[in-house]
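Colleague: I have a new model open and would like to learn how to read it. Can we go through some features together?

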Amino acid sequence: MVADFTKTCGKVLAKAHTDYALEHVGGKLRAVDLKGDPRPSKILFFDKDIRLARALAEEVPVYNSPRSIEIADDKLLTWEALAGHVPMIDTIPGPFHYKSAAPKEDFLRYVEKRFGYPMVVKAAKGSFGEQVFLAENRDELVTLAENFGSADYLLQRYVKEAKGVDKRVIVVGDEILGAIERRNPTDFRANIDLGGSARPVSLTEEESAMALKAHRLLGLTFSGIDLIQSKDGPLLVEVNSNMSYLGFQRATGIDVTKKILRAIE
């Protein structure tokens, strides 16, 4: 995507998060540019280093905002912000531990009664379908929980009717640019990076309203909203602030890069 931006706009300078060091100056977090590049007028932040985003935002406008990135990048923060406002997959946060530990018997019985098996187990932070697992039984659930160690994770009901299929909705500004259906016949995760294919699809009024509401509630300038279709209707899976949209762009022919650049003019 970086190459797309530099190709589309000659004034774009691609920077890595490792180009900066953070320090505290005058009561504020400051990002020191180790390369000595000219200070930009605005920043498109396609990274997940929240502290760096906050420091940069002290100097110039950052898109998406650091707070929006922080919420969207953490599936538990997204759930806290949107549950009750947008239909979502039934979710329970995993119990926090400072070190690797299995959930207690009471908790295991509770989630087993609520979700049954198979059960989706996800790291709170992850991209491209990585760190998303399907526990077929208690032994697998306990092993996954132990492997997360002190990292936050969540448990979700497995929506079997949506196996390997979802919709990725791209929103820029306050406009839905379109949607693709991602379909993976070999995995319960629909991600293109895991072997899924993409084709353009239309959205129902309900799906469009859900995507826009999630986008607005998180204060995003651009986003990728993932939806699935359950027997009870559409459900929100997650919100992506640093979304990968090249698969969408190839499938639809819509130039997302130009749309984003216009949105931040």
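Predicted model: local features only at pLDDT ≥ 70, side-chain atom pairs only at ≥ 80, totals over all residues.

Colleague: Which strands does H5 lie across?

Modeller: H5 lies across S5, S6 and S8. Its direction runs at about 170 degrees to S5.

Colleague: What holds strands together in a sheet?

Modeller: Strands of a sheet pair through backbone hydrogen bonds. The pairing is either parallel or antiparallel.

Colleague: In what order do the four strands of the open sheet come?

Modeller: The order is S5-S8-S6-S7, and the pairing is antiparallel. Strand S5 (91-93) and strand S7 (132-135) are the edges, since each pairs on one side only. From one strand to the next, the twist averages 25 degrees.

Colleague: How many bridges join S6 to S8?

Modeller: Five bridges join strand S6 (residues 119-123) to strand S8 (residues 153-157). Find Met119, then look across to its bridge partner in S8, Arg157.

Colleague: Next, helix H2. Which of its residues are buried?

Modeller: In H2, residues 50-57, look for Ile50, Leu52, Ala53, Ala55 and Leu56. Their cover includes strands S1 (20-25), S2 (28-33), S3 (43-44) and S4 (62-63), along with helix H3 (66-72).

Colleague: How many aromatic pairs does a search of the whole structure find?

Modeller: The search finds four. Take Phe148 and Tyr153: their ring centres are 5.1 Å apart and their planes lie at 15 degrees, so this pair is stacked. Planes under 30 degrees apart count as stacked.

Colleague: Are Phe148 and Tyr153 buried or exposed?

Modeller: Both Phe148 and Tyr153 are buried. With Phe133, they form one aromatic cluster.

Colleague: Where does Lys15 lie?

Modeller: Lys15 lies over the face of Tyr20, at 5.2 Å from the ring centre.

Note on methods
Residues numbered from 1 in each chain as written. Heavy atoms only, no water. Phe/Tyr/Trp six-rings, centres within 6.5 Å; stacked < 30°, edge-to-face > 60°. Buried < 20%, exposed > 50% of the residue type's maximum accessible area, 1.4 Å probe, protein only. Lys NZ or Arg CZ within 6 Å of the ring centre and 35° of its normal. Helix = DSSP H or I, 4+ residues; strand = E, 2+ residues; numbered from the N terminus. Contact = heavy atoms within 4.5 Å. Pairing = 2+ DSSP bridges. Axes fitted to C-alpha atoms, helices over the stretch in contact; angles between N-to-C directions.
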